[in-house]
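Subject: Structure handover and notes

Hello,

Here is the structure I said I would pass on. Please have it open while you read the notes that follow.

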Amino acid sequence: MSRIEKVRVLIAEDQTLIREGIATLLAQQNDDFEILPGAADGEQAIEFARRYRPDVILMDLQMPRVDGIAATQRILRELPQTHIVVLTTFETNDLIFEAVSAGAKAYLLKDARIEEIAGTIRAVINGQSGLSPSVAARILDEFKRLRGPRVSAKLPVRDGLTARENEILTLIVEGKSNTEIGERLHLAEGTVKNYVSTILEKCQVKNRTELAIKAITY
């Protein structure tokens, strides 16, 4: 990443100590982040997003005035190029599902190490998901539960994908990592990565989570 074109980061967190602590630690990460003025609640997050046009917002979910889910929805309606990374103490299926449905590209807990937070910010900027396979699987399980019997155990073959690509897509929906897919199909991890990139391009999605959600909802 260029050292000149820094990633502009806005932290939306109602606890001042946490907000300022994360800002200080992120500012020390390889000098590739520009930390914008922090927002103390969801309404201020929306206001500051409009004013500063951040690349990434670290978004708490439980905040005064407007919660993180509603703030995410409103920000992305106006600024769809902004990347939202949820940073919260809550790990319930419902909240994970709501956050990703609202448009969040990653979901982290507040006990995450600063290196993990920084790495996730860089990942979403590069079009990757910041969700682990286990979290992605929980999101997909919630989609299946809400949609009920219309979702079959076996995905239909998707037009435009080869037989092998459809096979890999099914494993992505199950929440398998590239390593696990490679082991299941006896493929090198690099080969699986190339397949996944091709599938993302064909299905016109940016990351694995969007791909898996699209696969079971359309």
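What share of the contacts in the chain with a separation of 6 or more comes from residues 24 or more positions apart? The share is 65%, where contact means heavy atoms within 4.5 Å.

Two remarks on the basis come before the rest. This is a predicted model, in which local features need pLDDT of at least 70 and side-chain atom pairs count only at pLDDT 80 or more, while totals for chains, interfaces and linings use all residues. Residues are numbered from 1 along each chain as its sequence is written, and side-chain values use heavy atoms, with hydrogens and water left out.

The chain as a whole

The chain has 218 residues, and 48% of them count as buried. Buried means under 20% relative accessible area, exposed means over 50%, and partly exposed is in between (1.4 Å probe, protein chains only). The accessible surface of the chain is about 11300 Å², with 48% of that belonging to carbon and sulfur atoms; such areas come from the Shrake-Rupley method with a 1.4 Å probe, and for residues only the protein chains shown count as cover. There are 10 helices and five strands. These are DSSP runs numbered from the N terminus, with helices (H or I) of at least four residues and strands (E) of at least two.

The annotated aspartate

The UniProt record, an unreviewed entry, has the annotation "modified residue: 4-aspartylphosphate" at Asp60. UniProt positions are given in the numbering used here, feature names are shortened, and annotations may be inferred rather than shown by experiment. Asp60 sits in the loop between β3 (56-59) and α3 (68-78). Asp60 is buried, at a relative accessible area of 3%. Leaving out residues up to four places away in sequence, Asp60 touches Ala12, Glu13, Asp14, Gly68, Leu87, Thr88 and Lys110.

Helix α2 covers residues 42-52, and its buried residues are Gly42, Ala45, Ile46, Phe48 and Ala49. Those buried residues pack against β1 (7-12), β3 and α3.

Asp41 belongs to the loop between β2 (33-35) and α2. At the start of α2, a side-chain oxygen of Asp41 comes within 3.1 Å of the backbone nitrogen of Glu43. The side chain of Asp41 also has a polar contact of 3.2 Å with the side chain of Arg65. A polar contact is a pair of N or O atoms within 3.5 Å; within protein, one must be able to donate a hydrogen and the other to accept it, and residues adjacent in sequence count only if both atoms are side-chain atoms. Asp41 is buried, with a relative accessible area of 11%. Apart from its neighbours within four places in sequence, Asp41 is in contact with Met63, Pro64 and Arg65.

Arg53 is exposed, at 52% relative accessible area. Although it is not a glycine, Arg53 has a positive phi of about 50°. Most residues other than glycine have a negative phi.

Two helix pairs

Helix α1 (residues 16-27) and α5 pack at an angle of about 70°, and their axes are 10 Å apart. Axes are lines fitted to C-alpha atoms, for helices over the stretch in contact, and angles run from 0 to 180 degrees between N-to-C directions. The two helices α1 and α5 are therefore roughly perpendicular, a term for angles of 65 to 115 degrees. Ile22, Leu25 and Leu26 in α1 meet Ile114, Ile117, Ala118 and Ile121 in α5.

Ile125 is also in α5, which covers residues 114-125. Ile125 is partly exposed, with a relative accessible area of 27%. Ile125 and Asp55 are 70 residues apart in sequence, and their C-alpha atoms are 7.6 Å apart. Beyond residues up to four places away in sequence, Ile125 touches Val7, Asp55, Val56 and His83.

In the second pair, the axes of α8 (residues 178-185) and α9 (residues 189-203) come within 8 Å and cross at roughly 110°. That makes α8 roughly perpendicular to α9. Asn178, Thr179, Ile181 and Gly182 in α8 meet Glu189, Val192, Lys193 and Val196 in α9. His186 lies in the loop between α8 and α9. His186 is exposed, with a relative accessible area of 72%, and has a positive phi near 60°.

Regards

Definitions and conventions:
Parallel < 35°, antiparallel > 145°, perpendicular 65-115°, else oblique.
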